[in-house]
Amino acid sequence: MNSNRFGGLKMEYKISVIIPVYNVEDYIRQSIDSVLNQTYKNLEIILVDDGSKDNSGKICDEYKNVDERIKVIHKINSGVSSARNVGIDIATGKYIMFLDSDDFLEKNACELLYKAIEKVNTEYVMGNYIYTTFEGEKWDSPMFDIQENFEVTITDYKKSFFVMNSVVWNKIFKRDFIETNKLRFAEGALAEDAIFTSFLYTHTDKGYFIKDVILNYRQNKENVSISTNCNKNYFSKTDEAYKLIYENYKTTNNTGFYRFFCARIMPYFLCKIIDTNELKSDEEIIEVLKLFSWYFKQKSEYRVIIMNEDFNEIIDCISNSDYEKAIIKIRKVKEYRNSLNSSQKHNMYAVCEEVFNRMLKES
């Protein structure tokens with residue numbers, strides 16, 4: 001065991017860092033290097049090559065030969081959920097972290113997360129993060145403009161909700177907690193992070209947030225996720241994911257949190273339907289709208305506030321099965337969004353604090 005000390009804590013417990021790898025030869029070296037160069041050294045680095053068709057797998061093997069902490073698994077392509085699950089299955093650390101292979105950690109990320117989770121004895125700790133450009137140049141400010149560390153809980157909609165996001169790569173988890181609760185990523189489903197974190201949040205009341213930036217999130221993935229390439233299969237799989245998330249919050253009596261979750265996700269998801277060019281006809285768009293009518297009806301059921309009036313009108317049309325009117329409005333909004341840059345598009349569905357304050361008053 002590592003006997004180094006810092007901040008009064010003995011660094012002795014291993015952290016398993018799981019990195020799913022698929023066709024990222026341009027970024028994977030920076031990602032791996034960011035883990036190898038951590039100030040916290042007691043690491044197990046698990047690279048799961050998910051059937052890469054470029055040189056990513058070879059690069060992983062190259063690193064395996066220069067650092068004994070690295071394990072490399074080569075597997076048939078089955079998606080990021082499968083790759084992460086393979087990593088969980090072979091992890092031996094007391095703690096687990098997930099890192100996407102085109103992101104990179106701050107040098108003291110593992111140390112900061114380790115110190116926090118050991119000190120507060122919680123099931124998971126999440127850290128702040130910052131967006132970067134394709135080239136890795138950091139944006140001006142981090143994701144969360146928060147100047148303190150604090151305990152998070154699923155019943156706190158005023159403070160905790162803002163940091164309890166649907167990603168796993170800014171967090172450290174107790175491996176025992178993952179194993180005891182049989183937490184795994186839903187293979188074959190989309191929104192796998194959101195499914196995983198919904199079960200995380202509903203199966204423990206012990207969480208913690210640290211204000212420090214621990215991760216650099218490369219923005220090209222965000223551009224892909226809001227791209228124009230969402231087809232009917234994408235929406236079908238997303239429907240399955242959203243139903244899993246909803247059923248989890250409902251069966252665990254956490255619909256209060258789910259209400260705020262909808263306020264954050266509903267306009268974002270509607271933009272995917274608006275922006276895609278893969279739905280070639282009105283009939284295909286209506287098919288997707290009917291598929292998700294159950295979801296958009298929750299705007300009324302859970303008193304979800306949507307600030308954008310165009311989005312409000314579209315959602316209400318879908319909820320009332322007025323699909324022809326919804327199509328007309330979608331066309332107009334799509335034309336407008338095509339004239340915007342990425343930042344302006346993001347601002348259309350970004351949820352401002354005013355929304356949550358209004359919803360809190362109506363709780």
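Which residues in helix 10 meet which residues in helix 14? Open the predicted model and select both helices, residues 255-275 and residues 309-319. From helix 10 come Met266, Pro267, Leu270, Cys271 and Ile274, and they meet Phe311, Ile314 and Ile315 of helix 14. By class, this contact has eight nonpolar residues, no polar and no charged ones. The two helices pack at an angle of about 80°, their axes 11 Å apart. Helix 10 is therefore roughly perpendicular to helix 14, since angles of 65 to 115 degrees count as such.

Next, select helix 9 (residues 232-251) and helix 11 (residues 282-291). Here the packing angle is about 5°, with the axes 10 Å apart, which means that helix 9 runs roughly parallel to helix 11. Lys232, Phe235, Ser236 and Asp239 of helix 9 meet Glu284, Glu287, Val288 and Leu291 of helix 11. The contact of helix 9 with helix 11 divides into three nonpolar, one polar and four charged residues.

Move to helix 3, residues 80-90. Its buried residues are Ser81, Ser82, Ala83, Arg84, Asn85, Gly87 and Ile88. To see what they pack against, show strand 3 (15-21), strand 4 (43-49), strand 6 (95-98), helix 6 (175-180) and helix 7 (192-202).

Finish at Lys174, in strand 10 (residues 171-174). Lys174 is buried but has no salt bridge. The nearest side chain of opposite charge, Glu123, is 4.4 Å away, whereas a salt bridge requires the nitrogen and oxygen to be within 4 Å. Leaving aside residues up to four places away in sequence, Lys174 touches Lys94, Tyr95, Ile117, Asn121, Thr122 and Glu123.

Methods:
Residues numbered from 1 in each chain as written. Predicted model: local features only at pLDDT ≥ 70, side-chain atom pairs only at ≥ 80, totals over all residues. Heavy atoms only, no water. Helix = DSSP H or I, 4+ residues; strand = E, 2+ residues; numbered from the N terminus. Buried < 20%, exposed > 50% of the residue type's maximum accessible area, 1.4 Å probe, protein only. Lys, Arg positive; Asp, Glu negative; His and termini not counted. Contact = heavy atoms within 4.5 Å. Axes fitted to C-alpha atoms, helices over the stretch in contact; angles between N-to-C directions. Parallel < 35°, antiparallel > 145°, perpendicular 65-115°, else oblique. Nonpolar A, V, L, I, M, F, W, Y, C, P; charged D, E, K, R; others polar.
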